[in-house]
Amino acid sequence: MNDLELRIVNAIAAFLVAVLSGLGVGSGGLFVIWLALMGVGATQARGMNLLFFVFSASAAFLFHLKNKRNIDLGLAVYLAAFALLGTVVGGYMGKLIEGDLLRRIFGGLLVLSGCYTLFGKKLGKKG
Amino acid sequence: MSSSTKTAKRAIILATVSTLAGFCNSLLGAGGGIFLSLTMGQLLLKGGENGSFSGKTLDRRDILATSQAAMIPGCALSCLIYAQGGLLDTTNFSVFAIPAVIGGGVGAWLLSRIDAKWIARIFAALVTWSGIRMLLV
């Protein structure tokens with residue numbers, strides 16, 4: 001694959017992942033995997049994924065604002081303030097915590113949550 | 001439980017989960033927003049009906065859009081922290097930037113046009129997929 005073809009394939013993959021991101025259903029894992037396939041290292045992939053999310057989510061946010069979607073801005077600001085706090089703590093504690101262990105605990109919780117939403121009778125009825 | 005006690009309880013839970021979401025995003029580079037969306041869905045939607053937090057009525061789509069918006073500043077800060085530590089190489093990012101913006105806009109447009117049940121299913125499938133990936137990779 002030449003450079004131009006590689007760029008086109010990357011752009012198509014990025015577009016598809018960004019559509020999922022714009023839907024608000026999460027896409028970070030997919031983009032990190034794509035970057036890994038392209039030979040990007042894990043740490044660099046994490047940083048690029050965050051930057052990618054900032055671009056795609058900001059575009060979605062502006063679209064929602066323009067179209068007057070019922071985003072609760074007060075709630076979003078409240079949540080963002082605490083997320084920023086967590087980011088700062090995570091940024092400074094990153095070197096102290098075993099990332100592998102955290103990732104596996106987090107992964108287990110996600111699998112349980114996802115299966116519960118997909119197959120749990122209670123949530124299934126909620127639609 | 002009185003209405004104000006319920007609201008206070010929800011506020012504390014959402015603050016805690018948001019903090020953890022920012023923490024996870026900072027450490028893992030992804031995934032925190034998923035937990036925030038799930039928690040908001042559990043707390044704010046009752047029996048599939050619309051819910052509210054600060055007076056505004058929210059449906060499942062609004063919750064996804066609101067939680068996504070809440071994650072943007074934390075992720076931007078994480079990018080700065082990564083860049084400061086030399087862990088963010090933007091030299092090859094240009095190829096992803098424009099598709100990210102266009103795709104994000106298209107996804108937001110689709111959000112109002114896809115059945116809420118399908119959004120929930122896509123969301124749950126991606127949550128499960130992300131979890132399996134985190135466990136195995």
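Two residues are taken to be in contact if their C-beta atoms, placed from the backbone, lie within 7 Å. The model is predicted, and its local features need a pLDDT of at least 70, side-chain atom pairs count only at pLDDT 80 or more, and totals for chains, interfaces and linings use all residues. Residues are numbered from 1 along each chain as its sequence is written, and chains are lettered from A and ligands numbered from 1 in the order in which they are written.

**View 1. Chain B as a whole, with five helices and two strands.** Helices (H or I, at least four residues) and strands (E, at least two) are DSSP runs, numbered from the N terminus, and in chain B the elements follow the order α-α-β-β-α-α-α from that end. Along the principal axes, the C-alpha atoms of chain B fill a box of roughly 55 × 30 × 30 Å. Of the contacts in chain B between residues at least 6 apart in sequence, 56% join residues at least 24 apart. A residue is called buried if 20 or more other C-beta atoms, placed from the backbone, lie within 10 Å of its own, exposed if 12 or fewer do, and partly exposed in between; buried residues make up 51% of the 137 residues in chain B.

**View 2. The contact between chain A and chain B, seen from the residues that form it.** Chain B contributes 86 residues to this contact and chain A contributes 76 residues. On the side of chain B that touches chain A, at least two residues each come from helix H1 (3–28), helix H2 (32–44), strand E2 (57–58), helix H3 (60–84), helix H4 (94–111) and helix H5 (116–136) of chain B. Ala, Val, Leu, Ile, Met, Phe, Trp, Tyr, Cys and Pro count as nonpolar, Asp, Glu, Lys and Arg as charged, and the others, Gly among them, as polar; by these classes, that side of chain B holds 56 nonpolar, 24 polar and six charged residues.

**View 3. The packing of H1(B) on H3(B).** With axes as lines fitted to C-alpha atoms, for helices over the stretch in contact, and angles running from 0 to 180 degrees between N-to-C directions, H1(B) and H3(B) pack at about 35° with their axes 9 Å apart. A crossing is left-handed if the near helix is turned anticlockwise from the far one by less than a right angle, and right-handed if clockwise; that of H1(B) and H3(B) is right-handed. In H1(B), B:Ser18, B:Ala21, B:Gly22, B:Asn25 and B:Ser26 meet B:Ala70, B:Met71, B:Gly74, B:Cys75, B:Ser78 and B:Ile81 in H3(B). The residues of this contact comprise five nonpolar, six polar and no charged.

**View 4. The packing of H2(B) on H3(B).** The axes of H2(B) and H3(B) are 9 Å apart, and the two helices pack at an angle of about 140°. That makes H2(B) oblique to H3(B), where angles under 35 degrees count as roughly parallel, over 145 as roughly antiparallel, 65 to 115 as roughly perpendicular and the rest as oblique. The crossing of H2(B) and H3(B) is right-handed. Residues of H2(B) that meet H3(B) include B:Gly32, B:Gly33 and B:Leu36, and those of H3(B) that meet H2(B) include B:Arg60, B:Ile63 and B:Leu64. The contact of H2(B) with H3(B) has seven nonpolar, six polar and one charged residue.

**View 5. B:Phe35 in helix H2 of chain B.** B:Phe35 is buried, with 21 other C-beta atoms within 10 Å. Not counting residues up to four places away in sequence, B:Phe35 touches B:Val17, B:Leu20 and B:Ala21. B:Phe35 and B:Val17 are 18 residues apart along the chain, and their C-alpha atoms are separated by 7.3 Å.

**View 6. Helices H1(A) and H3(A) of chain A.** The axes of helix H1 (residues 3–23) and helix H3 (residues 42–66) of chain A come within 9 Å and cross at roughly 55°, and H1(A) and H3(A) are therefore oblique to each other. Their crossing is right-handed. A:Ala18, A:Ser21 and A:Gly22 of H1(A) make the contact with A:Phe53, A:Ser56, A:Ala57, A:Ala59 and A:Ala60 of H3(A).

**View 7. Confidence along chain A.** Among the elements of chain A, helix H4 (residues 73–93) has the highest mean pLDDT (91) and helix H6 (residues 121–126) the lowest (44). Over residues 121–127 of chain A the pLDDT is below 50, and this stretch has nine contacts in the model beyond near neighbours in sequence. Where pLDDT is low, the predicted coordinates should not be read in detail.

Conventions. pLDDT is the predictor's confidence in each residue, from 0 to 100.
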